[in-house]
Amino acid sequence: MKSKKLGLNSICTHVGEVEDKQFKGAISPLYMSSSYAFEDVEVKRYPRYFNTPNQEALCKKIALLEKCEAALIFGSGMAAVSTTMLAFLHKGDHVVLPQTLYGGTYNFVVEEFHKFGIEYSFTEGFSEKDFSEKIQKNTKVIFVETPSNPLMRITDLEMISKLAKKHGIISMIDNTFASPVNQTPADFEIDIMIHSATKYMGGHSDICAGAVAASEEHIKVIWNLGKNLGGSLSDYTVWLLERSMKTMGLRVKEQNKNAKKMAKWLEKHPLVDKVYYPGLKTHPDYTLAKKQMRGYTGMLSFEINEFLNVSEFLKSLELIKPSMSLAGVESTILSPAKTSHGLLSPEARKKQGISDGLLRFSVGIEEVADLKNDIEIAFNKIKK
Ligand SMILES: *Cc1c(COP(=O)(O)O)cnc(C)c1O
């Protein structure tokens, strides 16, 4: 198959299938073996080595989706993040990261890096100046996350890769929020793409997994540490993830559409103060988002009037579930001030632009009319 010529949905559906030579089944057979004969001394297959038939198959799909030579699949997004960072950051090295980071990544950096003698600096914002002023002689990695959580700020990927190249630094992106459907950082020469496959790749809120895509050379470095840390994903879950990814293009494009409609509707709603969605012209990074993204994701945030009771609002929703995770086919919502950013002081939250009335909305594939209705009913309940 000339896989490089295939379009998104064909890659999602077909690339990297394990051929069922025996029965000619339509889908990849699942190989649960943890032991394989040494047919070839070059290939010692073992689940922790990331090279069972199902693991290798899914890696091909993810690599092609990210326009990379190779990929690895991990037991969680954090296993992918931590293994990749530690593979390139050694004692005495330094990494630059944005202040606004996924909570798990932030905790990993501030709680663990000192044990390894790794230094780090958080940027104030997302501009070239913000990143370049934090670069030191020992900086080895720039790590970005765009769109950011929860305000959906956009970091210029071309700017980051140029800056990294100028200083001989490796650039990494957590591409979870965009998914490979909406953003291909390799187009802007970002070196390493990381995903929490728990989110859009899995898409059904029933799989915990992670992925990394990069050049063969970089993947080899990550693999070397990965096999020692032991964070690979079990074949059964790999197989489920392969199934989920067949519909990733369909799901995410529908979520993009729904989110844009919901963002426009919320923006006009009298009880909503502000909407943060990069696909809206009112978003500060609209032009940048348009330049580097094909779609604006199913994620948005909105602020409801201060005098309204956020907890009551969330309790009054019936279709949209108040929930920690995101990117599933079912819509979910949360209050960052009460959950993901709950451990920050009110001042620190304010500095990041996270008000008590802010809600992060992961838009699913339900009918938009039903989602609007659900929100309208909840608003009517708390207005009284
Ligand atoms: C969820 C998430 C992670 C962590 O992934 P897990 O699968 O929960 O380990 C990392 N980055 C982002 C942006 C996420 O949303």
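Guide: Let us begin with a rule: rings of Phe, Tyr and Trp pair if their centres lie within 6.5 Å. In this predicted model, ring pairs of that kind link Tyr-106, Phe-108, Phe-113, Tyr-120 and Phe-122 into a cluster.

Visitor: How many aromatic pairs does the rule give?

Guide: The count comes to eleven aromatic pairs. One of them joins Phe-50 and Phe-74, with 5.1 Å from centre to centre and 65° between the planes, and is edge-to-face.

Visitor: Which parts of the chain does the pair of Phe-50 and Phe-74 tie together?

Guide: Phe-50 lies in the loop between α1 (8-14) and α2 (53-65), while Phe-74 belongs to strand β1 (residues 70-74), so the pair ties together parts 24 residues apart in sequence.

Visitor: Are Phe-50 and Phe-74 buried or exposed?

Guide: A residue counts as buried when its relative accessible area is under 20%. Phe-50 has 5% and is therefore buried; Phe-74, with 0%, is buried too.

Visitor: Let us turn to the domains. Where do they lie in the chain?

Guide: The domain assignment gives domain 1 (3-245) and domain 2 (250-383). Their C-alpha centres lie 27 Å apart. To the contact, domain 1 brings 36 residues and domain 2 brings 38 residues.

Visitor: What area is buried between domain 1 and domain 2?

Guide: About 3,000 Å² is buried between them, and carbon and sulfur atoms give 54% of that area. On the side of domain 1, Leu-151, Asn-182 and Tyr-200 lose the most area to domain 2, together 25% of what that side buries.

Visitor: Which polar features cross the interface of domain 1 and domain 2?

Guide: The rule finds 22 residue pairs in polar contact there. The count of salt bridges between the two domains is three. Among the elements of domain 1 that touch domain 2, α7 (179-182) gives the most, with four residues.

Methods: Residues numbered from 1 in each chain as written. Predicted model: local features only at pLDDT ≥ 70, side-chain atom pairs only at ≥ 80, totals over all residues. Heavy atoms only, no water. Phe/Tyr/Trp six-rings, centres within 6.5 Å; stacked < 30°, edge-to-face > 60°. Helix = DSSP H or I, 4+ residues; strand = E, 2+ residues; numbered from the N terminus. Buried < 20%, exposed > 50% of the residue type's maximum accessible area, 1.4 Å probe, protein only. Domains from an automatic or database assignment. Contact = heavy atoms within 4.5 Å. Buried area = accessible area lost by both parts, 1.4 Å probe. Salt bridge = Lys/Arg side-chain N within 4 Å of Asp/Glu carboxyl O. Polar contact = N/O pair within 3.5 Å; in protein donor to acceptor, adjacent residues only side chain to side chain.
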